[in-house]
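Take a look at the protein chain shown here.

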Amino acid sequence: MFESRVICICGLPGIGSVGKVAADYLATALECSTIKPFFSHSFPPQVMVSEGLAELMHGELMRPKEKKNMLVLSGDAQPLDVVGMHELAGNILQAIREQGVTDVITLAAYVGETNEKILGTATDLESATALSECKIPLLRSGAIGGLNGLLAGLAPLYDLRGFCLLATSSGADPVDVLAATNLLGAL
């Protein structure tokens with residue numbers, strides 16, 4: 001079902017940073033290079049400093065060195081307000097559509113009662129069925145906040161299919177590496 005598709009895997013900071021950790025791992029493992037940065041006036045008012053160099057907070061759309069049917073999106077932060085979040089989500093979805101992407105897969109955390117390590121959701125019945133066929137239990141109710149929810153949810157408005165994979169997390173740890181590892185396994 002996904003052989004002729006072009007996917008963008010998106011992982012942005014959130015609960016336990018699970019999506020960001022998984023996306024950053026993919027970006028490193030697949031030797032990705034940045035093809036487009038994203039800036040927002042709604043990012044937190046600070047810069048990131050590494051080895052003495054200050055850089056504006058931003059997101060990065062990246063292309064793996066050897067995979068032509070995949071992009072990876074990661075970032076330093078999510079916008080602090082609703083308008084900024086919708087604006088950035090629209091900019092990202094427009095940019096990935098222009099890159100030929102057909103499917104957006106966001107990575108996030110799920111905090112709640114479940115025995116599952118991974119849950120999934122999709123924006124259409126065929127895609128939800130595909131998740132079930134891949135042995136990914138569907139999230140039956142609830143809400144997915146932030147850009148990880150918006151990117152998947154707004155995808156159909158840009159003629160894209162939207163998916164969200166959620167790793168269960170207690171939400172207590174600032175970085176939940178086990179949950180991020182579970183997301184990578186599901187991918």
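## Terms and ground rules

A residue is called buried when its relative accessible area is under 20%, exposed when over 50%, and partly exposed in between, using a 1.4 Å probe and protein chains only. Helices (H or I, at least four residues) and strands (E, at least two) are DSSP runs, numbered from the N terminus.

This is a predicted model, in which local features need pLDDT of at least 70 and side-chain atom pairs count only at pLDDT 80 or more, while totals for chains, interfaces and linings use all residues. Residues are numbered from 1 along each chain as its sequence is written, and side-chain values use heavy atoms, with hydrogens and water left out.

## Overall build

The protein chain holds five helices and nine strands. Read from the N terminus, the order is β-α-β-β-β-β-β-α-β-β-α-α-β-α. The radius of gyration is 16 Å, close to the 16 Å that the globule rule gives for 187 residues, so the chain is as compact as a globular protein of that length. That radius is taken over C-alpha atoms, and the globule rule is 2.2 Å times the number of residues to the power 0.38. Along its principal axes, the C-alpha trace spans about 45 × 40 × 35 Å.

Of the 187 residues, 48% count as buried. A contact means heavy atoms within 4.5 Å. Among contacts between residues at least 6 apart in sequence, 73% join residues at least 24 apart.

## Surface and charge

The accessible surface of the protein chain comes to about 9700 Å². Carbon and sulfur atoms own 54% of that surface. Areas come from the Shrake-Rupley method with a 1.4 Å probe; for residues, only the protein chains shown count as cover.

The chain has 12 positive and 20 negative charges, and their mean positions are 7 Å apart. Lys and Arg count as positive, Asp and Glu as negative; His and the chain ends are not counted. Each charge is placed at NZ of Lys, CZ of Arg, CG of Asp or CD of Glu.

## Helices with a buried face

Which residues of α3 are buried? In this helix, residues 125-133, they are S127, A128, A130 and L131. Seen down the axis of α3, these buried residues fall within an arc of 155 degrees, so they line one face of the helix. The arc is that of the directions from the helix axis to the C-beta atoms. On the other side of α3, L125, E126 and E133 are exposed. The cover over the buried residues of α3 includes β8 and β9.

Now turn to α5, residues 177-186, where A179, A180, N182 and L183 are buried. Down the axis of α5, its buried residues fall within an arc of 155 degrees, so they line one face of the helix. On the other side of α5, L178 and G185 are exposed. The buried residues of α5 pack against α1, β7 (103-110), β8 (118-122) and β9.

## An enclosed helix

Why is α4 described as largely enclosed by the rest of the structure? Seven of its nine residues are buried, so the rest of the structure largely encloses α4. The buried ones are L147, N148, G149, L150, L151, A152 and L154. Their cover includes β1 (7-11), β6 (70-75), α2 (82-98), β7 and β9.

T106 lies in strand β7. At 0% relative accessibility, T106 counts as buried. Leaving aside residues up to four places away in sequence, T106 touches C10, N148, L151, A152, F163, C164 and L165.

## Loops and a strand residue

Most residues other than glycine have a negative phi. E31 has a positive phi, near 50 degrees. E31 sits in the loop between α1 (18-29) and β2 (33-38). D159 also has a positive phi, near 60 degrees. D159 is in the loop between α4 (146-154) and β9 (161-168), and is exposed at 68% relative accessible area.

G145 belongs to the loop between α3 and α4. At 56% relative accessibility, G145 counts as exposed. G145 and L178 are 33 residues apart in sequence and 21 Å apart in space, C-alpha to C-alpha.

S50 is in strand β3, residues 47-50. Its relative accessible area is 49%, so S50 is partly exposed. S50 and N115 lie 65 residues apart along the chain, and their C-alpha atoms are separated by 39 Å.
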